[in-house]
Amino acid sequence: MEKVINFLGTFFDVNVFSIRRLIIAVAIFVAFFILKSLLARLIIRIFGVKEKEKIRSNAFYNPLKILFICIGLYLSILILGPTEIVRSFVTKAFRLVLIMLGTHAVANIVAPGSKFERAIKRRMTKANDSMIRMICKFLKIFVYIVGVMVIISELGFNINGIIAG
């Protein structure tokens with residue numbers, strides 16, 4: 001037991017660390033893990049999608065599920081009372097995951113075969129399907145490029161030269 005406490009002491013403040021905090025942290029993570037689908041469906045239903053099949057095919061469904069797992073993990077780690085270095089690392093990692101999930105969700109919205117593509121087809125009756133698919137692919141790539149730029153900026157690098165070039 002002493003070896004376990006010494007090992008955990010390198011990552012967490014041992015004075016704050018207790019079995020009760022560990023149980024609470026594990027319970028929070030398990031609760032978020034179990035409720036991820038329910039919470040994702042609930043949020044998507046709030047925005048007007050009612051049918052179960054449409055909810056699961058929604059562009060935000062899978063990113064929301066992953067988001068709830070990450071929130072549970074993040075809260076669990078914070079409850080354990082990490083050292084300042086670990087807390088800053090976990091917070092930075094959480095922010096990067098949020099950026100990646102947001103980028104993926106927006107890219108799913110503009111992807112070929114999405115509702116966005118069908119809306120463009122209705123509005124642009126003179127455009128052919130291959131041009132519309134190319135526009136959707138371009139927008140998806142553009143969204144991912146912007147996401148990568150935001151991630152690079154979040155990591156502390158100056159992206160002004162990349163954007164200007």
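Predicted model: local features only at pLDDT ≥ 70, side-chain atom pairs only at ≥ 80, totals over all residues.
Is C70 buried or exposed? C70 turns out to be buried, at a relative accessible area of 18%. The cut-off I work with is under 20%.

**Cysteines**

I checked C136 next, and C136 is buried too, with a relative accessible area of 0%. Then I ran the disulfide search over the whole structure, and the count came back as 0.

**Helix 2**

I moved on to helix 2, which covers residues 19-46. I wanted to know how its length works out. For its 28 residues at 1.5 Å a residue, I expect a span of 40 Å, and the end C-alpha atoms lie 38 Å apart, so the two agree. I also looked for bends and found a kink of about 55 degrees, centred on L35.

Which residues of helix 2 are buried? I noted A25, K36, S37, A40, R41 and I44. I then looked up what these buried residues pack against, and got helix 3 (52-56) and helix 4 (61-79).

**K36**

A lysine on that buried list made me look again. K36 belongs to helix 2, and its relative accessibility is 17%. The cut-off is under 20%, so K36 counts as buried.

What does K36 touch, leaving out residues up to four places away in sequence? I wrote down K65, F68 and I69. I also checked the charged end of K36, and found that end over the ring of F33, 3.8 Å from the ring centre.

**Aromatic pairs**

Last, I went through the rings. I count 3 aromatic pairs. One of them is F138 with F142: the ring centres are 6.5 Å apart and the planes meet at 20 degrees, so I logged this pair as stacked. Planes under 30 degrees apart is the cut-off for that label.

F138 is exposed, at a relative accessible area of 56%. F142 is partly exposed, at 46%.

Technical notes:
Residues numbered from 1 in each chain as written. Heavy atoms only, no water. Phe/Tyr/Trp six-rings, centres within 6.5 Å; stacked < 30°, edge-to-face > 60°. Buried < 20%, exposed > 50% of the residue type's maximum accessible area, 1.4 Å probe, protein only. Lys NZ or Arg CZ within 6 Å of the ring centre and 35° of its normal. Helix = DSSP H or I, 4+ residues; strand = E, 2+ residues; numbered from the N terminus. Expected span 1.5 Å × (residues − 1). Bend = angle between axes of the 7 residues up to and from the residue. Contact = heavy atoms within 4.5 Å. Disulfide = S-S within 2.5 Å.
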